[in-house]
Amino acid sequence: MVTECDSKPNGIGPTETGIAQTVEDCLEREGCVCEACGTSWTTEAIERGLTLISDPISRPFFKGQPKLVEYLINLVRNHGKSPHHDDIVVKDMSQQVVISNASGHSAQLDIVARDENDKIYNIEFQSRRETALAQRSFFYAALLFLEAFKSGVDYKDCPKVCVIFFLENGEGCNGKLVECVTPVDTSGNRIDWPIEVYLVNGALNDESELGIILQDMRRKNLHALRNSKLKERMDKLLYQHIGRKEMCEAQEKWENELLERGRDEGREEGLEKGREEGREEGSMQRLIEMTKRIMTHLGKTLDDAMALLQLTEDEKVSVRLCMATS
């Protein structure tokens, strides 16, 4: 249906004043951007108070947005720098990039981008505290480095990799908004290293442009973002049918990945072996932790969580007993 709202995709846009006159008027326009309609639409992620730094929100937010990714990279790399680095131009980007390592750990990276000089950028959003941040950032950089370092390429032309962690709790940032982790020689001089790591602190209330973005990333009211670029993108997700569809699809995909990861972890942690050996205490504890994790992260009931883990009736009885007495 074509209406007067068609100044935006999918026929969704504000009235001339931005305020609907009646409820019927909103319904006829099929997606009004008035405050009443915009703030009433929700998803499970929004109801749970998830923020932009969480997976279910960040995935649709940055989907197909290389300019936003470019904007963040340039702000982080130039924060506190004088003179500034030359701004980079992102030529391509991908999300949820899986890099397999046949001989060891593999990884799924939030965002991977390349600039016009083929430098590789990895952006990660971390809402939970990370106890091994240095090791994890180095591992991600090493995976990208090795994957891009092709046979026959001279060492002087090796790939350059930049890893940026946006950290809700600011671990490893030493109280700074941006901490750049780089090797130095014994005289304190920076070594020309092919890998850069930036840790960005989401726990501060810094009022710089980058600081306001970090405040927005942990803001539970997604309608109240202060940075104009972030707000423009978020409004498209919250007020347009196509944006809402992207948010719902991203949440569903994230939930499925979490469940699959849970099943894999269960297998890796010896749950099957534990069943065969009569359910040792340690294995039962891991099973309870898995059940709690699914209940917490997916908002599932105890019965639903146990069904997803495909527990036997005996296991369900044991889990219920342990959960009741814990």
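In this predicted model, the largest cavity has a volume of about 40 Å³, and a search of the whole structure finds one cavity of 30 Å³ or more. The lining of the largest cavity is formed by Asp55, Ser58, Arg59 and Phe62, together with Gln95, Gln96, Asp110, Ile111 and Phe125. At least two lining residues are supplied by each of three elements, namely helix H4 (55-62), strand S1 (90-99) and strand S2 (107-115), and the largest share, four residues, comes from H4. When the lining of this cavity is divided by class, three residues are nonpolar, three are polar and three are charged.

Open sites were also examined. The second largest pocket has a volume of about 300 Å³, and of the 20 residues that line this pocket, Asp115, Asn117, Asp118, Lys119 and Lys160 are the closest to its centre. The lining of the second largest pocket comprises ten charged residues, eight nonpolar residues and two polar residues.

Attention then turns to the interior of the structure and to helix H7. Helix H7 (residues 209-217) is largely enclosed by the rest of the structure, because eight of its nine residues are buried, a residue being counted as buried when its relative accessible area is under 20%. The buried residues of H7 are Leu210, Gly211, Ile212, Ile213, Leu214, Gln215, Asp216 and Met217. The cover over these buried residues includes both helices and strands, among them helix H5 (66-78) and helix H8 (228-239), as well as strand S3 (120-126), strand S4 (161-167), strand S5 (178-181) and strand S6 (195-201).

Met217, one of the buried residues of H7, also belongs to the largest nonpolar core, which has 40 residues and in which Ile164, Phe166, Met217 and Met234 are those with the most contacts inside the core. Helix H5 gives the most to this core, with seven residues. When residues up to four places away in sequence are not counted, Met217 touches Thr51, Leu52, Ile53, Leu72, Phe125 and Phe166; of these contact partners, Phe125 is also among the residues that line the largest cavity, and Phe166 is among those with the most contacts inside the largest core. Apart from this core lies another core, of 22 residues, whose members include Ala141, Leu144, Val163 and Ile195.

Key. Residues are numbered from 1 along each chain as its sequence is written. This is a predicted model: local features need pLDDT of at least 70, side-chain atom pairs count only at pLDDT 80 or more; totals for chains, interfaces and linings use all residues. Side-chain values use heavy atoms; hydrogens and water are left out. On a 1 Å grid over the protein atoms alone, a cavity is a set of points where a 1.4 Å probe fits but cannot get out, and a pocket is an open set with protein on both sides within 12 Å along at least five of seven lines; lining residues have an atom within 4 Å of a point. Grid points are joined across faces, edges and corners, and a volume is the space filled by probe spheres set on the points. Ala, Val, Leu, Ile, Met, Phe, Trp, Tyr, Cys and Pro count as nonpolar, Asp, Glu, Lys and Arg as charged, and the others, Gly among them, as polar. Buried means under 20% relative accessible area, exposed over 50%, partly exposed in between (1.4 Å probe, protein chains only). Contact means heavy atoms within 4.5 Å. A nonpolar core is a set of buried Ala, Val, Leu, Ile, Met, Phe, Trp, Tyr and Cys residues joined through side-chain atoms within 4.5 Å.
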